[in-house]
Amino acid sequence: MIRRLLIANRGEIAIRIARTARAMGIRSIGVFSEADRGSLHLASMDEAFELGPADPAESYLHVDRILDAARRGAADAVHPGYGFLAEDARFATRCEEAGLLFVGPPPRAMRLAGDKIASRTAMARAGVPVTAGENRVLRDPDEAREVAGRLGYPVLFKATAGGGGIGMSRVDGPSGIEAGFEAARSVARTNFGNPDVFLEAYVERARHVEVQVLVGPRGKAVHLGERECSVQRRHQKLVEETPSPALGPRQRAAIGRTAANGLEALGYRGAGTVEFLYKDGRFTFNEVNARLQVEHPITEAVTGIDLVRQQILIASGEEPEVSQAEVRRTGHALECRINAEDPLRNFLPSPGRVVAYREPSGPGVRVDSGVAAGSVVPPMYDPLVAKLVVHGRNRLDSVRRMRLALDGFVIRGVKTTIPFHVSLLRDPRFAKGTLWTTMVSDLRLADRLRSRGPAEVRVAAIAAALAEGQALETLAGAHPFVPGRPGPWAVAGRREQLAGGARAVPPRRRR
Amino acid sequence: MRFRLVVDGEAHDVVVRPRRGGAVVEVDGASYVAAVGKGAQGVAVRIGARRHRIEVRGLEVRVDGQRVDVLVRDVLADRGTQAAPGSGPTGVFEIRPPMPGRIVRLAVVAGGRVRRGDPIAVLEAMKMQNEIPAPADGVVREVHVREGETIGADRLIAVLEAS
């Protein structure tokens with residue numbers, strides 16, 4: 001049994017993992033970079049260790065420093081969260097060599113999932129329908145043109161070592177092959193250290209449907225239903241829901257069984273996700289995500305199963321708490337990703353200090369957040385600051401709950417995707433459940449936004465009023481901090497000190 | 001005119017262009033048409049369906065009766081970037097990043113010529129690379145950053161003299 005768990009991550013996911021650890025009587029050992037000395041996730045940890053400079057390569061991706069923190073914190077297990085080292089087979093191996101239990105799949109299965117060609121081949125062998133493509137690394141544009149001719153345009157270049165939507169490049173005709181080939185290789189080299197690419201047929205207006213699977217220590221898989229994640233921008237998910245409005249019970253059972261069989265065939269263990277493209281009643285395998293996913297809470301909402309708890313149980317050699325026959329799903333769940341990005345400026349990153357923060361609440365509302373008032377959103381990490389999840393009786397009910405929850409979610413100081421979500425939920429196609437992976441750009445959903453909301457209208461009104469009279473000069477000449485009354489910045493700073501910081505976490509005695 | 005407006009601790013870049021009966025107000029790039037009138041108390045502003053009453057007494061600002069923390073900084077008359085006839089934008093441009101981040105690529109050297117839209121630098125923030133384009137044709141007079149450096153949003157990247 002795990003007693004002390006090192007959480008090799010930051011932000012909302014570190015907090016979320018620590019919550020389950022606490023519920024299971026496990027101590028959480030946190031890590032942080034210089035930029036995260038005051039971060040909220042530290043307040044959830046029983047102990048925390050500084051890794052190094054803000055640059056991820058010097059901190060959250062630095063294997064030696066993380067293992068050193070595990071040693072100093074006397075950890076017996078490591079949970080990688082998602083992103084950073086979560087799907088790095090070498091990290092999983094190093095953990096095992098250091099005598100640490102790795103909460104995730106075995107390195108061999110992780111390597112297989114991480115190699116797109118190998119996982120396509122393995123899935124096809126297990127009888128899983130695979131998206132049309134050729135399972136070989138392309139040497140030059142001529143070979144690519146030949147393969148693309150056989151597949152038929154449009155085609156999609158993909159990095160063999162890729163994932164998370166990075167390194168994909170769509171080509172509509174033979175003249176674009178050379179540029180697409182070079183672009184895909186260059187992105188693959190910078191992001192994954194491996195320039196190898198292959199070609200798939202591009203499925204237009206497809207839905208992204210994925211299946212959550214748990215594989216027990218003896219290799220028996222249980223599937224927990226699908227999630228539809230078609231609302232994306234630049235291949236990055238923005239909104240996820242379950243059940244998918246496109247699937248009926250028969251298709252749900254079929255896609256679930258297929259995914260479970262596929263992961264069993266890979267020799268997978270723990271929580272994993274199999275992604276499919278879905279179009280015209282047909283689904284084809286896309287990739288395996290060998291980790292806990294960002295959008296896992298919607299599956300937790302409809303099944304009532306704590307996925308992190310299952311991960312920890314399986315890593316400890318125990319079977320998951322539910323058999324396939326015991327999986328019950330109720331209602332519909334919807335997640336909106338709240339990113340520090342400005343939807344009015346093409347989702348431009350918007351790091352900075354959160355000066356005001358208020359979470360929505362109510363029946364069926366869950367917020368997994370990594371920030372509070374006073375938090376700094378640093379520019380060098382993922383833009384996700386919070387996940388807003390609602391659970392309703394049906395899709396209409398959860399959309400209604402989400403509208404109210406978005407209205408009640410206040411984040412000031414950084415721009416967020418909240419106004420985008422508000423507008424998306426009003427779109428008639430979204431309301432009908434007509435979704436496809438390029439809908440955000442095809443419908444120019446973000447371009448239709450004219451305002452970031454009522455708070456900004458108020459700012460505009462103040463600006464117009466001040467510009468009218470002599471007020472501007474008077475106010476501009478004033479000292480920013482009026483003595484005797486704390487400014488909002490000072491208040492925010494105080495909240496930050498309360499919210500965390502290495503010194504605010506009392507190191508508890510080791511046993 | 002152009003200024004930084006800090007409302008309850010949140011800073012905004014604001015441009016106000018007066019016009020008959022009110023103004024066009026830009027807040028961080030989002031544009032609003034405001035009708036401005038004298039109310040019984042303070043100034044009445046209508047934007048779309050929303051109405052606000054703003055009172056200013058000395059340093060105290062009230063919006064709809066509620067006291068609001070308001071600071072004004074860096075008031076400028078509109079910057080000298082209006083196009084001279086036929087020649088595109090002229091003047092000296094201070095190039096600053098749209099957000100903090102890391103300079104992953106610096107595409108110019110001091111003294112080099114650029115055309116409008118050419119990349120000055122590539123800034124990486126939150127795992128995304130953003131190109132910072134030259135706002136005009138001209139000569140790069142100063143470069144203030146190095147490749148690999150992490151910079152704040154107020155840092156000067158380069159100075160461009162349009163020509």
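Visitor: How many bridges join strand β17 (residues 138–143) of chain B to strand β19 (residues 158–162) of chain B?
Guide: This is a predicted model, where local features need pLDDT of at least 70, side-chain atom pairs count only at pLDDT 80 or more, and totals for chains, interfaces and linings use all residues. Residues are numbered from 1 along each chain, chains are lettered from A in the order written, and side-chain values use heavy atoms, without hydrogens or water. Strands here are DSSP runs of E, at least two residues long, numbered from the N terminus, and two of them pair if DSSP finds at least two bridges between them. β17(B) and β19(B) run antiparallel, and the bridges joining them number five.

Visitor: Which strands are the edge strands of that open sheet in chain B?
Guide: The sheet's four strands pair antiparallel in the order β12-β19-β17-β14. Pairing on one side only marks out β12 (92–95) and β14 (113–114) of chain B.

Visitor: Where does the largest nonpolar core lie?
Guide: A core means buried (under 20% relative accessible area, 1.4 Å probe, protein chains only) Ala, Val, Leu, Ile, Met, Phe, Trp, Tyr and Cys residues joined through side-chain atoms within 4.5 Å. This one has 50 residues, with F91(A) among those having the most contacts inside it.

Visitor: What share of chain A counts as buried?
Guide: Chain A has 511 residues, and its C-alpha trace spans about 75 × 60 × 45 Å along the principal axes. The buried share is 57%.
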